[in-house]
Amino acid sequence: GKYCEKRDPHLACVAYERGHCDHEIIAVCNENSLFKTLARYLVRRKDPELWAQVLSESNPYKRLLIDQVVQTALGETQNTEEITVTVKAFMTADLPNELIELLEKIVLDNSTYADTRNLQNLLILTAIKADASRVMDYVTRLENYDAPDIATIAINNKLYEEAFTIFKKFDVNTSAIQVLIENLGDLDRAYEFAERCNEPTVWSRLAKAQLQKGLVKEAIDSY
(Lines give C-alpha, C1' and ligand atoms only; values in the text may rest on other atoms or scores of the structure.)
Protein backbone atom coordinates (compact mmCIF):
# COMPACT_ATOMS: atom_id res chain seq x y z
CA GLY A 1 0.00 0.00 0.00
CA LYS A 2 2.73 2.44 0.96
CA TYR A 3 4.61 1.71 -2.27
CA CYS A 4 1.51 2.51 -4.37
CA GLU A 5 0.37 5.67 -2.57
CA LYS A 6 2.12 8.18 -4.85
CA ARG A 7 2.13 6.04 -8.00
CA ASP A 8 -1.49 4.81 -7.94
CA PRO A 9 -3.69 5.82 -4.98
CA HIS A 10 -6.52 3.55 -6.20
CA LEU A 11 -4.21 0.54 -6.06
CA ALA A 12 -3.03 1.62 -2.61
CA CYS A 13 -6.67 1.61 -1.47
CA VAL A 14 -7.13 -1.94 -2.78
CA ALA A 15 -4.05 -3.09 -0.86
CA TYR A 16 -5.07 -1.31 2.33
CA GLU A 17 -8.62 -2.66 2.13
CA ARG A 18 -7.36 -6.23 1.91
CA GLY A 19 -5.32 -5.65 5.03
CA HIS A 20 -8.08 -3.73 6.85
CA CYS A 21 -5.64 -0.82 7.22
CA ASP A 22 -8.37 1.64 8.20
CA HIS A 23 -6.32 4.71 9.08
CA GLU A 24 -4.12 4.36 6.01
CA ILE A 25 -7.05 4.09 3.61
CA ILE A 26 -8.71 7.15 5.20
CA ALA A 27 -5.49 9.14 4.83
CA VAL A 28 -4.95 8.14 1.17
CA CYS A 29 -8.57 8.87 0.23
CA ASN A 30 -8.56 12.26 1.95
CA GLU A 31 -5.24 13.24 0.39
CA ASN A 32 -6.37 12.28 -3.12
CA SER A 33 -10.06 13.26 -2.82
CA LEU A 34 -11.17 9.64 -3.29
CA PHE A 35 -14.31 10.14 -1.22
CA LYS A 36 -16.41 7.76 -3.31
CA THR A 37 -13.88 4.98 -2.68
CA LEU A 38 -13.79 5.78 1.04
CA ALA A 39 -17.59 5.88 1.28
CA ARG A 40 -17.87 2.42 -0.28
CA TYR A 41 -15.16 1.10 2.04
CA LEU A 42 -16.84 2.46 5.17
CA VAL A 43 -20.23 1.03 4.22
CA ARG A 44 -18.69 -2.40 3.54
CA ARG A 45 -16.50 -2.27 6.66
CA LYS A 46 -19.48 -1.86 9.04
CA ASP A 47 -17.32 -0.49 11.87
CA PRO A 48 -19.11 1.95 14.25
CA GLU A 49 -15.82 3.30 15.66
CA LEU A 50 -14.52 4.04 12.18
CA TRP A 51 -17.76 5.83 11.32
CA ALA A 52 -17.49 7.87 14.52
CA GLN A 53 -14.00 8.97 13.47
CA VAL A 54 -14.95 10.16 9.97
CA LEU A 55 -18.26 11.76 11.04
CA SER A 56 -16.70 13.79 13.85
CA GLU A 57 -16.64 17.59 13.74
CA SER A 58 -12.85 17.49 13.55
CA ASN A 59 -12.88 15.87 10.09
CA PRO A 60 -12.59 18.68 7.50
CA TYR A 61 -13.67 16.27 4.74
CA LYS A 62 -16.87 15.15 6.49
CA ARG A 63 -19.32 16.88 4.13
CA LEU A 64 -17.56 15.62 0.99
CA LEU A 65 -17.63 12.09 2.38
CA ILE A 66 -21.30 12.26 3.41
CA ASP A 67 -22.23 13.37 -0.12
CA GLN A 68 -20.64 10.22 -1.55
CA VAL A 69 -22.19 7.95 1.09
CA VAL A 70 -25.64 9.31 0.18
CA GLN A 71 -25.19 9.62 -3.58
CA THR A 72 -23.20 6.47 -4.32
CA ALA A 73 -22.31 3.95 -1.62
CA LEU A 74 -25.73 3.36 -0.07
CA GLY A 75 -27.49 3.18 -3.43
CA GLU A 76 -25.21 0.31 -4.44
CA THR A 77 -25.58 -1.93 -1.41
CA GLN A 78 -28.24 -4.60 -0.97
CA ASN A 79 -26.86 -5.64 2.41
CA THR A 80 -29.23 -4.97 5.32
CA GLU A 81 -26.46 -4.96 7.93
CA GLU A 82 -24.43 -2.40 5.96
CA ILE A 83 -27.45 -0.09 5.82
CA THR A 84 -28.30 -0.61 9.51
CA VAL A 85 -24.76 0.16 10.70
CA THR A 86 -24.54 3.26 8.49
CA VAL A 87 -27.89 4.63 9.70
CA LYS A 88 -26.94 4.01 13.34
CA ALA A 89 -23.61 5.77 12.80
CA PHE A 90 -25.38 8.91 11.55
CA MET A 91 -27.78 8.75 14.52
CA THR A 92 -24.90 8.34 16.99
CA ALA A 93 -23.07 11.29 15.41
CA ASP A 94 -26.21 13.41 15.96
CA LEU A 95 -26.50 14.52 12.33
CA PRO A 96 -30.29 14.78 11.87
CA ASN A 97 -30.28 16.69 8.58
CA GLU A 98 -27.68 14.40 7.07
CA LEU A 99 -29.64 11.42 8.43
CA ILE A 100 -32.69 12.68 6.54
CA GLU A 101 -30.63 12.79 3.31
CA LEU A 102 -29.43 9.25 4.00
CA LEU A 103 -32.89 7.86 4.77
CA GLU A 104 -34.43 9.58 1.75
CA LYS A 105 -31.91 7.78 -0.44
CA ILE A 106 -32.76 4.43 1.14
CA VAL A 107 -36.53 4.79 1.54
CA LEU A 108 -37.48 6.92 -1.46
CA ASP A 109 -34.88 5.81 -4.03
CA ASN A 110 -34.01 2.22 -3.10
CA SER A 111 -36.85 -0.12 -4.05
CA THR A 112 -35.37 -2.98 -1.99
CA TYR A 113 -35.83 -1.13 1.31
CA ALA A 114 -38.61 1.27 0.36
CA ASP A 115 -41.22 -0.56 2.45
CA THR A 116 -39.10 -1.14 5.55
CA ARG A 117 -41.32 0.03 8.42
CA ASN A 118 -38.53 0.98 10.84
CA LEU A 119 -36.77 3.12 8.23
CA GLN A 120 -40.01 4.87 7.22
CA ASN A 121 -40.77 5.59 10.89
CA LEU A 122 -37.25 6.90 11.45
CA LEU A 123 -37.39 9.17 8.39
CA ILE A 124 -40.67 10.79 9.48
CA LEU A 125 -39.66 11.10 13.15
CA THR A 126 -36.29 12.63 12.26
CA ALA A 127 -38.04 15.15 10.02
CA ILE A 128 -40.52 16.02 12.79
CA LYS A 129 -37.59 16.89 15.05
CA ALA A 130 -35.16 18.42 12.52
CA ASP A 131 -37.07 19.67 9.44
CA ALA A 132 -40.84 19.84 9.88
CA SER A 133 -41.34 21.23 6.36
CA ARG A 134 -40.66 17.74 4.94
CA VAL A 135 -43.14 15.85 7.10
CA MET A 136 -46.27 16.38 4.98
CA ASP A 137 -44.52 15.05 1.87
CA TYR A 138 -43.32 11.94 3.73
CA VAL A 139 -46.62 11.04 5.39
CA THR A 140 -48.38 11.48 2.05
CA ARG A 141 -45.90 9.46 -0.04
CA LEU A 142 -45.03 6.66 2.36
CA GLU A 143 -47.40 3.79 3.09
CA ASN A 144 -45.79 1.51 5.66
CA TYR A 145 -45.28 3.42 8.91
CA ASP A 146 -46.90 3.23 12.36
CA ALA A 147 -49.62 5.74 11.56
CA PRO A 148 -51.39 6.27 14.95
CA ASP A 149 -48.10 6.61 16.85
CA ILE A 150 -46.59 8.97 14.27
CA ALA A 151 -49.78 11.06 14.20
CA THR A 152 -49.75 11.39 18.00
CA ILE A 153 -46.12 12.55 17.93
CA ALA A 154 -47.02 15.02 15.16
CA ILE A 155 -49.80 16.46 17.36
CA ASN A 156 -47.38 16.78 20.28
CA ASN A 157 -45.13 18.80 17.96
CA LYS A 158 -48.04 21.00 16.78
CA LEU A 159 -48.04 19.48 13.28
CA TYR A 160 -51.83 19.27 13.19
CA GLU A 161 -52.37 19.23 9.42
CA GLU A 162 -49.86 16.40 9.12
CA ALA A 163 -51.61 14.46 11.89
CA PHE A 164 -54.99 14.97 10.21
CA THR A 165 -53.54 13.78 6.89
CA ILE A 166 -52.19 10.60 8.52
CA PHE A 167 -55.46 9.73 10.27
CA LYS A 168 -57.47 10.45 7.13
CA LYS A 169 -55.11 8.43 4.92
CA PHE A 170 -55.36 5.35 7.14
CA ASP A 171 -59.13 5.75 7.73
CA VAL A 172 -58.82 6.50 11.45
CA ASN A 173 -61.69 8.91 10.94
CA THR A 174 -62.75 9.56 14.54
CA SER A 175 -59.20 10.67 15.35
CA ALA A 176 -59.05 12.72 12.14
CA ILE A 177 -62.16 14.73 12.99
CA GLN A 178 -60.88 15.14 16.55
CA VAL A 179 -57.81 16.93 15.16
CA LEU A 180 -60.02 19.22 13.07
CA ILE A 181 -62.17 20.04 16.10
CA GLU A 182 -59.72 20.18 19.00
CA ASN A 183 -56.40 21.15 17.42
CA LEU A 184 -57.39 23.16 14.35
CA GLY A 185 -60.70 24.47 15.73
CA ASP A 186 -62.33 24.28 12.30
CA LEU A 187 -65.95 23.08 12.56
CA ASP A 188 -66.65 23.87 8.89
CA ARG A 189 -63.94 21.47 7.75
CA ALA A 190 -65.09 18.98 10.37
CA TYR A 191 -68.62 19.09 8.90
CA GLU A 192 -67.30 18.58 5.36
CA PHE A 193 -65.18 15.68 6.58
CA ALA A 194 -68.13 14.08 8.40
CA GLU A 195 -70.23 14.35 5.24
CA ARG A 196 -67.49 12.68 3.19
CA CYS A 197 -66.88 9.67 5.42
CA ASN A 198 -70.45 9.49 6.79
CA GLU A 199 -69.76 7.34 9.87
CA PRO A 200 -71.95 7.46 13.02
CA THR A 201 -68.99 7.89 15.40
CA VAL A 202 -67.67 10.79 13.32
CA TRP A 203 -71.06 12.54 13.26
CA SER A 204 -71.31 11.99 17.03
CA ARG A 205 -67.95 13.70 17.65
CA LEU A 206 -69.02 16.61 15.48
CA ALA A 207 -72.39 16.94 17.23
CA LYS A 208 -70.73 17.12 20.66
CA ALA A 209 -68.40 19.85 19.44
CA GLN A 210 -71.31 21.79 17.93
CA LEU A 211 -73.27 21.55 21.20
CA GLN A 212 -70.30 22.89 23.14
CA LYS A 213 -70.25 25.88 20.77
CA GLY A 214 -73.99 26.43 21.27
CA LEU A 215 -74.86 25.33 17.72
CA VAL A 216 -77.93 23.38 18.84
CA LYS A 217 -79.71 23.08 15.48
CA GLU A 218 -76.53 21.90 13.73
CA ALA A 219 -75.85 19.43 16.54
CA ILE A 220 -79.34 17.93 16.23
CA ASP A 221 -78.83 17.54 12.47
CA SER A 222 -75.48 15.83 13.08
CA TYR A 223 -77.01 13.41 15.59
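A residue is called buried when its relative accessible area is under 20%, exposed when it is over 50% and partly exposed in between (1.4 Å probe, protein chains only). By that rule Leu159 is buried, as its relative accessible area is 11%. The model is predicted, so local features need pLDDT of at least 70 and side-chain atom pairs count only at pLDDT 80 or more, while totals for chains, interfaces and linings use all residues. Residues are numbered from 1 along each chain as its sequence is written, and side-chain values use heavy atoms, with hydrogens and water left out.

**Overall form**

- The protein chain has 15 helices and zero strands; helices (H or I, at least four residues) and strands (E, at least two) are DSSP runs numbered from the N terminus.
- The C-alpha trace spans about 90 × 30 × 20 Å along its principal axes.
- Of contacts between residues at least 6 apart in sequence, 51% join residues at least 24 apart, where contact means heavy atoms within 4.5 Å.

**Surface and charge**

- Buried residues account for 42% of the 223 residues.
- The accessible surface of the protein chain is about 11,900 Å², and 49% of this belongs to carbon and sulfur atoms; areas come from the Shrake-Rupley method with a 1.4 Å probe, and for residues only the protein chains shown count as cover.
- The protein chain has 26 positive and 35 negative charges, with mean positions 3 Å apart.
- In that count Lys and Arg are positive and Asp and Glu negative, with His and the chain ends not counted; each charge is placed at NZ of Lys, CZ of Arg, CG of Asp or CD of Glu.

**Nonpolar core**

- The largest nonpolar core has 69 residues, of which Trp51, Val87, Phe90, Leu102 and Ile124 touch the most other members; such a core is a set of buried Ala, Val, Leu, Ile, Met, Phe, Trp, Tyr and Cys residues joined through side-chain atoms within 4.5 Å.
- Neighbours within four places in sequence aside, Val87 contacts Leu99, Leu102, Leu103, Ile106, Leu119 and Leu122.

**Helices H2 and H3**

- The buried residues of H2 are Asp22, Ile25, Ile26, Val28, Cys29 and Asn30, and they pack against H1, H3 and H4.
- Ser33 lies in the loop between H2 and H3 and has a positive phi of about 55° although it is not a glycine.
- In H3 (residues 35-45), Phe35, Leu38, Ala39, Tyr41, Leu42 and Val43 are buried.
- Packed against the buried residues of H3 are helix H1 (9-18), helix H2 (22-31), helix H4 (48-54), helix H5 (62-76) and helix H6 (80-92).

**The loop between H10 and H11**

- Leu159 sits in the loop between helix H10 (147-156) and helix H11 (160-169).
- Leaving out neighbours within four places in sequence, Leu159 contacts Ile128, Ala132, Val135 and Ala154.
- The C-alpha atoms of Leu159 and Asn183, 24 residues apart along the chain, are 9.5 Å from each other.
- Lys158 is in the loop between H10 and H11 as well, but is exposed, with a relative accessible area of 61%.
- The phi of Lys158 is positive, near 65°.
- Most residues other than glycine have a negative phi.
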